[in-house]
Amino acid sequence: MLIRNAVLPVWQAKWINPELPHDAEARQPASYLRKRFFVADPAGACLYITCHGLYAAFLNGTRVGGFVLAPGTGDYRRRLTVQCYEVTELLKKGENELTVILGDGWYRGGVGIDGLRNYYGSDLALLCQIELNGTVILCSDEQWEASQMGPVRENDLEIGEVYDARLEDITAWHGVTVQDFGYSSLAPTESVPVLEQERFPGRIIRTPNGETVVDFGQNLAGYTELRVTAEAGRKITLWHGETLDENGNFTQSNFEPGDRNKSGGIPQKIEYTCKDGLNVYKPSFTIHGFRYARVETDADLADAQFTAIAVYSQMPRTGFFECGNRDVNQLFHNCLWSMRSNFCDIPTDCPTRERAGWTGDAGVFASTAVYLMDCYPVLRKWLGECRLAQAENGLIANVAPVNDKRDQIALMLQGSAGWGDACILVPWALYQAYGDPAVLEENYDMMTRWLAFCENRAREKTRSQNESNPWKEYLADQGFHFGEWCEPDVDNMLAMRKNAMDGAPEVATAYYYRSASLLARIAGILGRSEDASRYAEIAGNAKKAYRFTCTKDGIISSGRQCEYVRPIAFGLLDGDEIRQAADSLNELVVRNGYHLNTGFLSTPDLCRVLAENGHIDTACKLLLQKDCPGWLYEVKQGATTIWETWDGIRPDGTVHDSLNHYSYGAICGWLMGGICGIQLEAGRLTVRPCPHSSLGWARAEWHSPVGIIRSEWHYEEQKIIFEGEVPVASELILPDGTVQSLERGTYRTEIN
């Protein structure tokens, strides 16, 4: 059992390198280490362990804990977590043996979109010790043995694993090398482990081009377990992919980024060589993003079984939604699975191409994530990585932990509005859901330093076209910005070039205001009244700067939906301006055939903004849009996860981009908090349902930090019936504006 927040021991263990000298650029076999030791009485035994790379530990042949890909990811130079396991039940009186297998992992395997190798170092190392009630009985030292002649011949998180079952009787043991890596970067494990979760049996199909493919029915992140009886030497190769192509054949073309495609891409490949008899295997040091696996083999598959095992952080499901529309229910299912697929120790963008902790993705999704699963430990850990990745001048890296080349181009493309602001948006979402100001306190320095960076960037220089703005020192029109990003009918590269030439004041200044206004509230919650006043002043001036450059006396004259959504959602408009902007937004959506053209940043707020400002009909037509771009287009295409782009599979069947990105799944936050109206703000509960006949009926349940909240509505003739359950005194706000006070317990009411 993993013990979180365990106090680290006084180390007697030494760092040991199991490998012999080798070419740092060549892929190496996994290393196997072992040590025998004597135990008089195993009661109260704990194993402390970490490594450079990934480890799988076994006591007397039994796996220690269920943590997959331990010790997890992070900036290993600054912080490397140590796991503490209670292992009494795995020990016996007398002689015992600890065996540890080390793989490449994030430490020296391929990472990021460029597949950079040896990012933290080129050598693996192990540090561990076992204590009995505080007395050290085993530690890693020069007396250990190691071998590279075990069955794992190659391993890489992104590329896959090569395994030869004929080598399971490991040979060629040799000594280890003690190295002085020190202990200063070591930290206890505070987050939850990554675990094997749901299992999906595969169905073998034959594709039009004659290939053997296994369909697991669900796109997920994890790996395949195989069971097959075969002769020694028979080979089975599995290639993992998310979809079939326009002809119904296996493909990986949708997640091959840039130059990676020229150098073999990301094969997500398992090469397994059988031993004689029954073979049961699953990888130890790789995960894939997939629904399908193509099988190449000379073995008889008559009795073969293939099972997909989902792998993600230990997060109990907390959010449940269902309505009278099956496609919307599938959309909710898809969102849940994209979250599961991308919350693997930290929140990532996709489980195939990059597996990177993009700040922008977490920033737009955090307020939805807290409904769906108990993700506080995962997001808290990731915020710690954001703090480590923050530059001295306060800039927040676009990805945390950093995994790019850190060359001149990479350094220039940092600090984007909407991405860096996640350092404030994510703690705020956690505080609103969990009500614990500790997450605000823990990240306060990071938040203030980011805002200082934004303040300096706005004050230092203004583009010539904006010089007439009286509040130009609060106008954010400098620096690199992705902008709205991924608008359906906009070329991303052209948009970035335009941002580089003209700045992106509408996006950047809006986020400057949003972060400053939130930070003012956060400072007030933490009792920092002077800070609260100063940030409120910054927010007020940024709002004036925005209104002068990006509106005309509060009136917007843009043809882009995002430029109406953002100022309404962020509070940059006043009084009748809000109604006028919402009406104009509604007209844009109607004229666009009830299709959205918002992008990455404002899509999460689109339906909410419309619904809260008198346009619930349009909001629901957008939700139910079955043509591209629209949420239900991908559902109709058979998606089981959320896509990176609206047309990930085009009408002609061609595929592109990731089919497992959670960002656009943020609409499910509106299903929980808008359609069913469950809204929790730091312990204060409001239920404000927003019914619409197009959905038939709806019900949501949230196992929230304050207890189980249930909200339902349905139609009975000319009446709408509202019922549910609240764990604390709450307010029920009905669509006609009626406000009812609710005591703890169940309720039922109706309106005509």
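The model described here is predicted. With a relative accessibility of 71%, P651 counts as exposed, because the cut-off for that class is over 50%. K461 is 190 residues away from P651 along the chain, and the C-alpha atoms of the two are 46 Å apart.

**The sheet**

An open sheet is built from 4 strands, with the order β29-β30-β34-β35 and mixed pairing. Its edges are β29 (678-681) and β35 (739-742), each of which pairs on one side only. On average, neighbouring strands of this sheet are turned by 25 degrees against each other, with direction ignored.

β29 and β30 (residues 684-687) run antiparallel and are joined by 4 bridges. Across this pair, E681 stands opposite R684 in β30.

**The cavities**

How many cavities of 30 Å³ or more does a search of the whole structure find? The search returns 3. Rolling a probe the size of a water molecule over the atoms shows where empty space is left. Two of the cavities are set side by side below.

| Cavity | Volume | Lining residues by class |
|---|---|---|
| Largest | about 280 Å³ | 12 nonpolar, 9 polar, 3 charged |

The largest cavity, with about 280 Å³ of space, is lined by 24 residues. T73, W106, E354, R355 and A356 are the lining residues closest to its centre.

For the second largest cavity, the lining consists of 13 residues. Nearest the centre of this cavity are C454, R457, A476, A508 and Y512. Which helices each supply at least two residues of this lining? They are α7 (438-460) and α9 (505-525). The largest share comes from α7, with 4 residues of the lining of the second largest cavity.

Terms used
Residues are numbered from 1 along each chain as its sequence is written. This is a predicted model: local features need pLDDT of at least 70, side-chain atom pairs count only at pLDDT 80 or more; totals for chains, interfaces and linings use all residues. Side-chain values use heavy atoms; hydrogens and water are left out. Buried means under 20% relative accessible area, exposed over 50%, partly exposed in between (1.4 Å probe, protein chains only). Two strands pair if DSSP finds at least two bridges between them. Axes are lines fitted to C-alpha atoms, for helices over the stretch in contact, and angles run from 0 to 180 degrees between N-to-C directions. On a 1 Å grid over the protein atoms alone, a cavity is a set of points where a 1.4 Å probe fits but cannot get out, and a pocket is an open set with protein on both sides within 12 Å along at least five of seven lines; lining residues have an atom within 4 Å of a point. Grid points are joined across faces, edges and corners, and a volume is the space filled by probe spheres set on the points. Ala, Val, Leu, Ile, Met, Phe, Trp, Tyr, Cys and Pro count as nonpolar, Asp, Glu, Lys and Arg as charged, and the others, Gly among them, as polar.
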